Amino acid sequence: MAIILAVVVQVSVVLVGLRLYAYPDTDAPAPTDAVFVIGPPTPTRIAIAQQMVDAGLASNVVISVPPPGSDSPGFEASALPICSQPQSFAVYCVTPSPFTTQGEGRVLQSLAASHGWTSATVITFTPHILRARIIMQRCFTGDLRMVADRAPIGALRWIYEAVYQTSAFVKVLAEPAC
């Protein structure tokens, strides 16, 4: 009986993890006031934002840039053409403090308040969608859309993300404010 219970628990954990991290609810790209690429600003996330601008879905792009000397080398504003070269649309390359999803949520709300934005699309990678949505909704009072960067990640990275995102939910539950 204990073996059956253990198998049922393990299968349940895997199924819940798949639903939360591999197949979270996402939104199709649609018109919003701004597109926010949360960190790190990978080429695939920036490409999604660029495609949205090219399709006329947004005219403001926000890029979350890690602070110098962080564990995300190569993603500094000076290394990103979207931040360092003139664009035909408004680009805001910002370094949230702290450089966390919560810090990014605060940046989004601040920019929205100062520019009159009432809607935003946030781009992040698939395992982060659900947790990012919860945090962003706590901070941003406008219409929020979540678009997944579905760039492939390996099996070990999936395992890491399942453990990391699950433990990070504890912090989300412990800190219910923005």
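## Terms and model

Helices and strands here are DSSP runs, numbered from the N terminus; a helix has at least four residues and a strand at least two. The model is predicted.

## Two cis peptide bonds

In general, most peptide bonds are trans. The bond from Ser 97 to Pro 98 is cis, and its omega is near 5 degrees.

A cis bond also runs from Gly 39 to Pro 40, with omega near -10 degrees. Pro 40 belongs to the loop that lies between β1 (34-37) and α2.

## The largest pocket

The largest pocket holds about 950 Å³ of space. Its lining has 38 residues, and those closest to the centre are Gly 39, Pro 40, Phe 125, Arg 131 and Tyr 164. Gly 39 and Pro 40 are the two residues joined by a cis bond.

Which elements supply at least two residues each to the lining of the largest pocket? They are α2 (43-54), α4 (101-115), β4 (119-125), α5 (129-139) and α6 (155-174). The most comes from α6, which gives 9 residues. By class, the lining consists of 15 nonpolar, 12 polar and 11 charged residues.

## α5 against α6

Two packed helices are described by the angle between their axes and the distance between the axes. For α5 and α6, the axes come within 10 Å and cross at roughly 20 degrees. Angles under 35 degrees count as roughly parallel, so α5 is roughly parallel to α6. The crossing of these helices is left-handed.

On the α5 side, the contact is made by Leu 130, Arg 131, Ile 134, Ile 135 and Arg 138; on the α6 side, by Tyr 164, Gln 165, Ala 168, Phe 169 and Val 172. The residues of this contact divide into 7 nonpolar, 1 polar and 2 charged.

## α4 against α5

The axes of α4 and α5 are 8 Å apart, and the helices pack at an angle of about 40 degrees. That angle makes α4 oblique to α5. The crossing of α4 and α5 is right-handed.

From α4, the residues that meet α5 are Thr 101, Gln 102, Glu 104, Gly 105, Arg 106, Leu 108 and Gln 109. Their partners in α5 are Arg 131, Ala 132, Ile 135, Met 136 and Cys 139. The contact of α4 with α5 has 5 nonpolar, 4 polar and 3 charged residues.

Arg 131 and Ile 135 of α5 take part in the contact with α4 and also in the contact with α6. Arg 131 is also one of the residues closest to the centre of the largest pocket.

How values were computed. Residues are numbered from 1 along each chain as its sequence is written. This is a predicted model: local features need pLDDT of at least 70, side-chain atom pairs count only at pLDDT 80 or more; totals for chains, interfaces and linings use all residues. Side-chain values use heavy atoms; hydrogens and water are left out. On a 1 Å grid over the protein atoms alone, a cavity is a set of points where a 1.4 Å probe fits but cannot get out, and a pocket is an open set with protein on both sides within 12 Å along at least five of seven lines; lining residues have an atom within 4 Å of a point. Grid points are joined across faces, edges and corners, and a volume is the space filled by probe spheres set on the points. Ala, Val, Leu, Ile, Met, Phe, Trp, Tyr, Cys and Pro count as nonpolar, Asp, Glu, Lys and Arg as charged, and the others, Gly among them, as polar. Axes are lines fitted to C-alpha atoms, for helices over the stretch in contact, and angles run from 0 to 180 degrees between N-to-C directions. Angles under 35 degrees count as roughly parallel, over 145 as roughly antiparallel, 65 to 115 as roughly perpendicular and the rest as oblique. A crossing is left-handed if the near helix is turned anticlockwise from the far one by less than a right angle, and right-handed if clockwise. Contact means heavy atoms within 4.5 Å.
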